[in-house]
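This briefing is meant to be read slowly, with the sequence and the 3D structure side by side. Please look first at the strands, and then at one of the helices.

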Amino acid sequence: MKKFLLIIIAAIAVLASCNDYETYGDMKEKERNAISKFIADSSITVISEDQFVQQGKKTDLKRNEFVKLDKSGIYMQIVREGCGEMIKDGESVNLCCRFREYNILGDSLYLWNDTDILASNPDVMRVTRTSGTFTASFTTGLMSLAYSSPSVPSGWLVPLSYVKVGRPQSMSDEISKVRLIVPHTQGHTSASSNVVPYYYVITFEREA
């Protein structure tokens with residue numbers, strides 16, 4: 001009888017653990033819900049790519065507009081287009097990046113280097129544009145240290161098709177700045193393996 005009870009208890013424990021197991025589909029649904037809640041809580045107005053193009057590839061800051069880019073699933077707001085020029089096809093440049101990384105699923109600020117103390121030590125990534133496609137790797141900075149990889153999240157490269165990446169030459173010049181909601185498929189290795197979406201505020205500036 002005692003042996004039979006032990007078998008029953010073991011079976012119940014197995015069933016309980018199975019119920020706790022999340023499938024990839026479950027995690028993706030949780031991610032979608034978290035992004036939807038973040039958009040609602042942040043009073044974000046989502047516009048289509050067609051509307052974005054009609055507006056001259058700009059987002060209205062007064063309406064807190066983010067364009068949803070269908071191919072990547074990223075939501076992007078262009079805060080400042082920036083000074084200088086866009087990265088040309090066949091060109092390789094070093095970009096200084098100052099950012100804030102917010103874990104949407106965990107509702108927490110995780111990494112940042114945009115404070116007065118840290119701003120002089122931006123993350124630097126080497127970016128190359130080939131036939132309209134960007135590839136990049138971090139050479140220094142928090143992202144590569146935190147995630148033990150020089151790989152740049154694909155989501156970080158998406159804005160480079162829309163913003164300029166120069167260096168200020170006058171008091172009126174401003175460096176480019178974007179806000180992004182990045183799903184796990186476009187994030188770093190930790191985001192993709194754990195199915196976690198992140199929100200970023202990033203500035204881009206050519207290295208001197």
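How many bridges join β4 to strand β5 (residues 108-112)? Four bridges join these two strands, which run antiparallel. Please keep in mind that this is a predicted model.

- β4 and β5 form a hairpin with four residues between them, and within the turn D107 has a positive phi of about 55°.
- With strand β9 (residues 198-206), β4 pairs in the antiparallel sense over nine bridges, and F99 has I202 in β9 as its bridge partner.

**Helix α2**

- Helix α2 (residues 24-41) has 18 residues and reaches 25 Å from its first C-alpha to its last, which is close to the 26 Å expected at 1.5 Å a residue.
- The buried residues of α2 are E31, A34, I35, F38 and I39, and because they fall within an arc of 135° when seen down the helix axis, they line one face of the helix.
- An α-helix has 3.6 residues a turn, so residues three or four places apart point the same way.
- On the other side of α2, K37, A40 and D41 are exposed.
- After α2 comes S43, whose phi is positive, near 55°.

**Where the strands and the helix meet**

- The cover over the buried residues of α2 includes β1 (45-47), β3 (74-80), β4, β8 (176-182) and β9, and among these β4 and β9 are themselves paired in the antiparallel sense.

Note on methods. Residues numbered from 1 in each chain as written. Predicted model: local features only at pLDDT ≥ 70, side-chain atom pairs only at ≥ 80, totals over all residues. Heavy atoms only, no water. Pairing = 2+ DSSP bridges. Expected span 1.5 Å × (residues − 1). Buried < 20%, exposed > 50% of the residue type's maximum accessible area, 1.4 Å probe, protein only. Arc of directions from axis to C-beta. Contact = heavy atoms within 4.5 Å.
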